[in-house]
Each structure stands twice: as C-alpha cells, then as structure tokens.
Amino acid sequence: YIHDWAYNGGWGYAISVSGVDILVDHNTCHDSNFKGIHVANCINTTVEYNHVFDVLNLSDDVGAISGDGRENANLNIQYNYVHDVGAKELTESIKAVNPDWKAYPGYAFYYDGMSSYFTTTGNVAAAIYGGGILSNAGRHNYIYGNLFVDCASTYVDAAGYGYLDTYFDENGNYKSKKKTTVPEYVHF
C-alpha cells in the first residue's frame, strides 16, 4: 500500500522496476503528483492486479502505469484497475494564465521511448482526464480485452514513430528521422 509520494519536486514513482523475471502485483498506489508504476528495460515482467488512482496530479504526457526502454521483451500488463487520473485542475489553471500552453494529458497506460513487446489485456481504466492508452514508438505491442470508460481524450492511441525511423545515437540520445504510423495489434 503506497500513497502520497512525489510531493517534493513533483517527480517520482510508487514502484519502478528494471530487470529480468519481475512480478509487480496486488499493490494499491494513490495520491501522487507523478507516476504510479513504471517499467523500463524489462524482460519477462508482469504487472497485474494493481489498483492505481489519483495520480498524475501535477503531470502531463505520462501514464499511471508506464513503460519505456528499448530492451523490453515479454511484458504483460494485465488485470489492473486504474481510475481518477490526470491533472485537470492544473491544466485549466495554467491555460487561464497562458492560453498558448499545450498540455499532453496523462494516460492510464503510457508506453514511450521505443517500448516494445508489451501485452496489455484485461485492464479497466475509468475517469481518465487524458487517454486510455498510448503506445508510441514501439513495435509488437498487443492491446486487447481492456475496458476504457470516461477517457477525456483518446481511448486507444496506437500510432507514433516507426521502429526503423527511430534510434539511439552513439551518446544514447533518442532520435527520430520522420513521423510514420506503426502497425500495432489492437482488437476491440
């Protein structure tokens, strides 16, 4: 049971994992300015039966359950319940001062940075200020059998930079050549 993190500086995770043969299950994570559960560069990792809510309160362009990294294989995000996510109040107050500010609202599930080989199934996401799921810049990500209810923007956004058009340079910096559409595996 993890609550009230990321208040000093507004950055941090309830749970962050990287490695091989990891199981993240049966956790309750809530009341935070940033992410709930984060996986990066994992192999044979399962995130299941977690309850994540009231997170991303001072964040945008992130996810309650998120992933990134180019060294992923066999990641299963399944049977999680994510709800009441996003920085709606923050976004509205910032836009009142700066109407040109373009926020990218948070998502229930957010896979970025060439995240590949994620299977997202059997999850429930409700009352999300942003979107249900964003799968961006990855390949072989399977999204099926999820329930998305009351998402303010998109429910499933499974397009982004093509795998062959993205790379890391010799210094480890993420680069892209051009924007393309990635064939994802999305079933409704």
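## His83 and its surroundings

In this predicted model, the side chains of His83 and Asp84 are joined by a polar contact of 2.6 Å. A polar contact here is a pair of N or O atoms within 3.5 Å; within protein, one must be able to donate a hydrogen and the other to accept it, and residues adjacent in sequence count only if both atoms are side-chain atoms.

You'll find His83 in strand S8. Is it buried or exposed? His83 counts as buried, because its relative accessibility is 11%, and buried means under 20% relative accessible area, with exposed over 50% and partly exposed in between (1.4 Å probe, protein chains only). Leaving aside neighbours within four places in sequence, His83 touches His51, Val52, Phe53, Asp54, Ala126, Ala127 and Ile128; contact means heavy atoms within 4.5 Å.

## Strands on either hand

Now for the pairing around S8. Strand S5 (residues 51–53) runs parallel to strand S8 (residues 81–85), with 3 bridges in the pairing. Along it, His51 has Tyr81 as its bridge partner, and Phe53 sits opposite His83. S8 also pairs in the parallel sense with strand S11 (residues 124–128), this time over 4 bridges, and there His83 stands opposite Ala126.

A word on terms: two strands pair if DSSP finds at least two bridges between them. Strands (E, at least two residues) are DSSP runs, numbered from the N terminus.

## The whole sheet

Step back, and 6 strands make up an open sheet with parallel pairing, in the order S1-S3-S5-S8-S11-S14. Strand S1 (2–5) and strand S14 (147–151) are at the edges with a single partner strand each, so one side of each has no neighbour in the sheet. On average, neighbouring strands of this sheet are turned by 10 degrees against each other, direction ignored. The axes are lines fitted to C-alpha atoms, and angles run from 0 to 180 degrees between N-to-C directions.

## Cysteines

How many disulfides are there? The count is 0, taking a disulfide as a pair of cysteine sulfur atoms within 2.5 Å. Cys29 is buried, because its relative accessible area is 0%, and Cys42 is buried, with a relative accessible area of 0%.

## About the model

Residues are numbered from 1 along each chain as its sequence is written, and side-chain values use heavy atoms, leaving out hydrogens and water. As the model is predicted, local features need pLDDT of at least 70 and side-chain atom pairs count only at pLDDT 80 or more, while totals for chains, interfaces and linings use all residues.
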